[in-house]
Number of protein chains: 2
Amino acid sequence: MVNIHPMWNNFPKIQALLLECLELILEKITIENKEIEKKVTDLIESQGKLLRPAYFLLFSRLGNPSPEAHEKIIATAASTEVLHLATLIHDDIIDESKMRRGIETVQSKYGKDVAVYTGDLLLAVYFDLLVDAKASTEILKLNTLSMKRVLMGEINQMTNAYNTEITYENYLKSIKGKTAQLFEVSCYEGAYFGECEPEILEQSRSIGQNIGIAFQMIDDILDYTQTSEVLSKPVLHDVKQGIYTLPLILGIESDNAFLPLLKKGEDLSDDDLAALVSLLHDNDCIERARDIAKKYIDKALASIEQLPAHPEKEMLYSLTETLLTREF
Amino acid sequence: MVNIHPMWNNFPKIQALLLECLELILEKITIENKEIEKKVTDLIESQGKLLRPAYFLLFSRLGNPSPEAHEKIIATAASTEVLHLATLIHDDIIDESKMRRGIETVQSKYGKDVAVYTGDLLLAVYFDLLVDAKASTEILKLNTLSMKRVLMGEINQMTNAYNTEITYENYLKSIKGKTAQLFEVSCYEGAYFGECEPEILEQSRSIGQNIGIAFQMIDDILDYTQTSEVLSKPVLHDVKQGIYTLPLILGIESDNAFLPLLKKGEDLSDDDLAALVSLLHDNDCIERARDIAKKYIDKALASIEQLPAHPEKEMLYSLTETLLTREF
């Protein structure tokens with residue numbers, strides 16, 4: 001029996017569907033070297049929040065899909081999580097991260113060589129799930145373009161590493177690609193495969209984008225406010241890698257005291273990091289970042305509220321509201 | 001005007017089609033950061049041998065495709081080269097290679113972070129080309145499974161790094177995946193999109209596999225016999241990375257003198273490498289490896305000979321024959 005994040009205990013219908021997705025993903029991952037296979041399946045079973053397939057499923061339930069569509073829905077919802085997992089594994093190579101979701105990363109355990117190809121393998125599984133779902137040319141095209149945008153977001157972030165002149169606009173561009181794009185596609189595909197009314201289909205993309213933007217902003221805030229135990233991954237890792245996210249960008253814009261610290265680049269000591277966090281609090285950067293994230297959540301919530309009445313709408317609304325107050 | 005490897009000067013029809021493939025690939029690669037885009041397009045224009053699309057095109061010409069199939073043929077042929085390029089970029093991360101095709105690698109110039117995502121981006125382009133070709137579910141499925149096999153071959157090779165008990169069978173398994181699989185699919189897809197007779201379609205896969213196996217064996221032999229200037233990439237790199245290929249496997253099997261050298265792992269000095277090459281010659285390993293490669297080429301040539309008569313068959317035969325004697 002696959003483990004699933006406890007946040008889904010309150011949403012038993014979605015929980016059951018997410019379990020189906022996870023079981024399908026596990027079935028698709030067969031690596032001859034069983035140690036490596038176990039590493040990948042451990043990551044899959046390590047209780048990620050599964051937000052992308054969850055949003056897919058929530059949107060699909062706003063429609064009226066035929067029972068025959070069930071398999072397609074599970075396969076396509078699963079594909080969104082697999083693309084996410086592939087980018088996580090490749091991210092960890094770049095970050096040289098040792099921990100992810102409380103377990104040792106593929107690259108830390110087996111080296112970057114195995115991690116590169118394991119991530120690639122998940123990209124093959126991602127497309128394989130879409131092919132199994134007999135996705136139309138339109139949906140396949142959406143996915144290939146979307147994958148390109150995700151990667152462009154990552155590349156944009158990388159090419160701005162250690163850039164102390166990075167702007168809010170540039171940050172927004174990166175997160176629209178690397179995170180929001182996949183939320184956008186997940187919501188849209190859910191509405192599409194769920195055969196939703198045109199009004200829902202039309203709104204799904206911008207709702208997904210706003211949720212994705214807010215989700216990433218909150219992730220970036222938690223990196224400065226939470227302990228690594230709560231997040232099950234190292235904190236304050238981005239800044240050492242030269243990835244300057246929302247709270248820090250607000251800080252750089254408002255206080256010159258950040259610059260001498262950031263000029264140290266990779267050599268930031270623990271004391272420097274503590275000084276940086278302290279400066280962020282002095283400048284209300286955490287609060288201000290939270291306010292910006294809240295604007296995106298509020299936009300998403302307002303659009304959800306305006307969707308046609310449907311018994312499952314409440315769940316979509318309440319999950320989205322919860323995201324803003326999450327602590328993990 | 002795109003540059004193309006001079007080997008195609010003798011095959012003007014194929015040369016013209018390969019140029020169309022390259023132009024399509026270049027059109028598909030758009031990266032906002034123009035420096036990185038240039039790095040990728042330089043790799044594409046760096047006169048690779050383009051053997052995968054070439055075999056695709058040669059097989060397609062053994063059929064009788066309708067003029068409307070032309071665009072599909074170019075897009076799918078191009079996809080085989082793009083998958084190959086993606087694996088090259090990811091290989092270079094693992095090898096930490098500085099040079100490829102005579103130019104600096106993506107990872108050496110921009111770091112492994114950019115190289116991971118640039119390779120991923122080419123994987124997105126690979127699928128995008130297949131979607132543009134409106135490939136059937138059967139062909140899409142073939143590609144996703146094939147990509148998995150390529151990666152399994154790479155992972156198999158990685159997990160055998162520094163394994164001095166590696167067998168010929170294990171080596172064969174790795175190269176069937178990492179190299180021969182893509183030759184096999186290229187030949188088959190060429191026959192498929194070229195609407196070839198069933199007999200050709202049926203033979204295309206095993207012809208492609210035998211060519212791919214021989215091609216990789218010859219590549220591995222050249223690594224021990226050629227200079228890095230001729231190959232436009234570093235030589236004797238594999239052995240330092242613990243990748244033991246055909247000549248060395250034959251050596252290990254026949255002479256215990258290899259083991260003390262190989263036990264040095266990453267710390268092999270230039271003198272050690274020279275001693276290793278000398279041991280290979282003492283044991284006739286290069287000649288014996290060439291004989292094995294020749295068997296695979298001969299198998300492929302015999303099958304090509306038995307294909308139904310066709311004016312373009314000669315070109316397929318002569319190109320395949322040339323592969324065995326290549327020096328680059």
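Predicted model: local features only at pLDDT ≥ 70, side-chain atom pairs only at ≥ 80, totals over all residues.
Student: What caps the N-terminal end of α2(B)?

Tutor: The cap is Asn33(B), which places a side-chain oxygen 3.1 Å from the backbone nitrogen of Glu35(B).

Student: How should I read the size of an interface?

Tutor: It is often expressed as the accessible area that is lost when the parts come together. Here chain A and chain B bury about 3900 Å² between them, with 71% of it on carbon and sulfur atoms, and 41 residues of chain A are in contact with 41 residues of chain B.

Student: How many polar contacts and salt bridges are there between chain A and chain B?

Tutor: Between the two chains there are 16 residue pairs in polar contact, with both residues at pLDDT 80 or more, and the rule finds eight salt bridges across the interface.

Student: Which elements of chain A give two or more residues to the side that touches chain B?

Tutor: They are α4 (70-95), α5 (106-132) and α6 (137-159) of chain A, and α5(A) gives the most, with 15 residues. Sorted by class, this side of chain A has 20 nonpolar, eight polar and 13 charged residues.

Student: Where in chain A do Lys28(A) and Asp132(A) lie?

Tutor: These two residues form a salt bridge whose closest N and O atoms are 2.5 Å apart. The pair links distant parts of the chain, since Lys28(A) is in helix α1 (residues 12-28) and Asp132(A) is in helix α5, 104 residues apart. Lys28(A) counts as buried because its relative accessible area of 16% is under 20%, whereas Asp132(A), at 33%, is partly exposed.

Student: Why does the pair of Glu184(B) and Arg205(B) tie together separate parts of chain B?

Tutor: Glu184(B) and Arg205(B) form a salt bridge with their closest N and O atoms 3.2 Å apart. Glu184(B) lies in helix α7 (residues 168-193) and Arg205(B) in helix α8 (residues 198-225), so the pair ties together parts that are 21 residues apart in sequence. Glu184(B) is buried at 11% relative accessibility, while Arg205(B) is partly exposed at 28%.

Notes
Residues numbered from 1 in each chain as written. Chains lettered and ligands numbered in written order. Heavy atoms only, no water. Contact = heavy atoms within 4.5 Å. Buried area = accessible area lost by both parts, 1.4 Å probe. Salt bridge = Lys/Arg side-chain N within 4 Å of Asp/Glu carboxyl O. Polar contact = N/O pair within 3.5 Å; in protein donor to acceptor, adjacent residues only side chain to side chain. Helix = DSSP H or I, 4+ residues; strand = E, 2+ residues; numbered from the N terminus. Nonpolar A, V, L, I, M, F, W, Y, C, P; charged D, E, K, R; others polar. Buried < 20%, exposed > 50% of the residue type's maximum accessible area, 1.4 Å probe, protein only.
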